[in-house]
Amino acid sequence: MNDDVMKVLDIDTSDPKLGFKIASERLSMVRYVFLVQIEDGIATAEQRASLEYADAVLIRWPDEHDPDVLDLDEAQVRFIREQMTIMEQYVGRFRAMERENDIDGMTDTLIRITERVAEVRRTFQPDFPLPTFAEIRRVVQDEWDEEMNQIDPGEDDPTAAQIKSEARDEESQAAEVAREEAA
């Protein structure tokens, strides 16, 4: 945000914990936009994992003035600013991909944004346990594989040819039973 907007909103730009608050808000917004983009279809394992990762990083996010949120030294503040700059670059890419309806690109970029926000959270809350994307991806892939293995389109949704074939088989069996009964 520019300085004029920050003044109107009465935001203290000198607050070293401002990045903590902004990081969670940006990730929440990007996550929601992504969710809206994929909600009409069946999400891939990668898409599900990217959402789960964002959720894991955002879960129980405290207020920036919570006692669990550390005060940072100058080097840490610079690191947070670097992470926020990278995050904002990814947000810009994400928005461009949204306009192009590039869901795969958005999926990957959501992961990259979440990684930056995770770094911010790790710096402010080093004791908060955060999983990696790889850990979440493995769990989600296992769940997705299990769900996909339960789908049997042959039984639940037969084709027209299968229906005709089954009808012919039933008619043949009924004709054979009728011949046997007549004999």
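**First stop: a threonine and its contacts**

Select T109 and then display Y90, R93, F94 and M97, which are in contact with T109 when its neighbours within four places in sequence are left aside. Please bear in mind throughout that this is a predicted model. T109 is found in helix α5, which covers residues 103-124. Is T109 buried or exposed? Its relative accessibility is 3%, and the limit for a buried residue is under 20%, so T109 counts as buried.

**Second stop: the nonpolar core**

Next, select L27, V57, L110, I113 and V117. These are the residues with the most contacts inside the largest nonpolar core, which has 39 residues. Two or more residues of this core come from each of the helices α2 (18-38), α3 (45-58), α4 (74-99), α5 and α6 (133-149). Which of these elements gives the most to the core? It is α5, with nine residues. As a general background, nonpolar side chains in soluble globular proteins tend to be buried together.

Remain with V57 and show what surrounds it. Beyond the neighbours within four places in sequence, V57 is in contact with L27, T114, V117, A118, R121 and L130. Two of these partners, L27 and V117, have already been selected as residues with the most contacts inside the core.

Now select Q47, whose place is in helix α3. Q47 has a relative accessibility of 8%; because buried means under 20%, Q47 counts as buried. Which residues are in contact with Q47, apart from its neighbours within four places in sequence? They are F34, I38, I42, I103, D104 and T107.

A search of the whole structure finds three aromatic pairs. To view one of them, select F20 and W61: their rings are stacked, at 4.6 Å centre to centre, with 25° between the planes. F20 lies in helix α2 and W61 in the loop between α3 and α4, so this pair ties together parts that are 41 residues apart in sequence. Both F20 and W61 are buried.

Technical notes: Residues numbered from 1 in each chain as written. Predicted model: local features only at pLDDT ≥ 70, side-chain atom pairs only at ≥ 80, totals over all residues. Heavy atoms only, no water. Helix = DSSP H or I, 4+ residues; strand = E, 2+ residues; numbered from the N terminus. Buried < 20%, exposed > 50% of the residue type's maximum accessible area, 1.4 Å probe, protein only. Contact = heavy atoms within 4.5 Å. Core = buried A, V, L, I, M, F, W, Y, C linked by side-chain atoms within 4.5 Å. Phe/Tyr/Trp six-rings, centres within 6.5 Å; stacked < 30°, edge-to-face > 60°.
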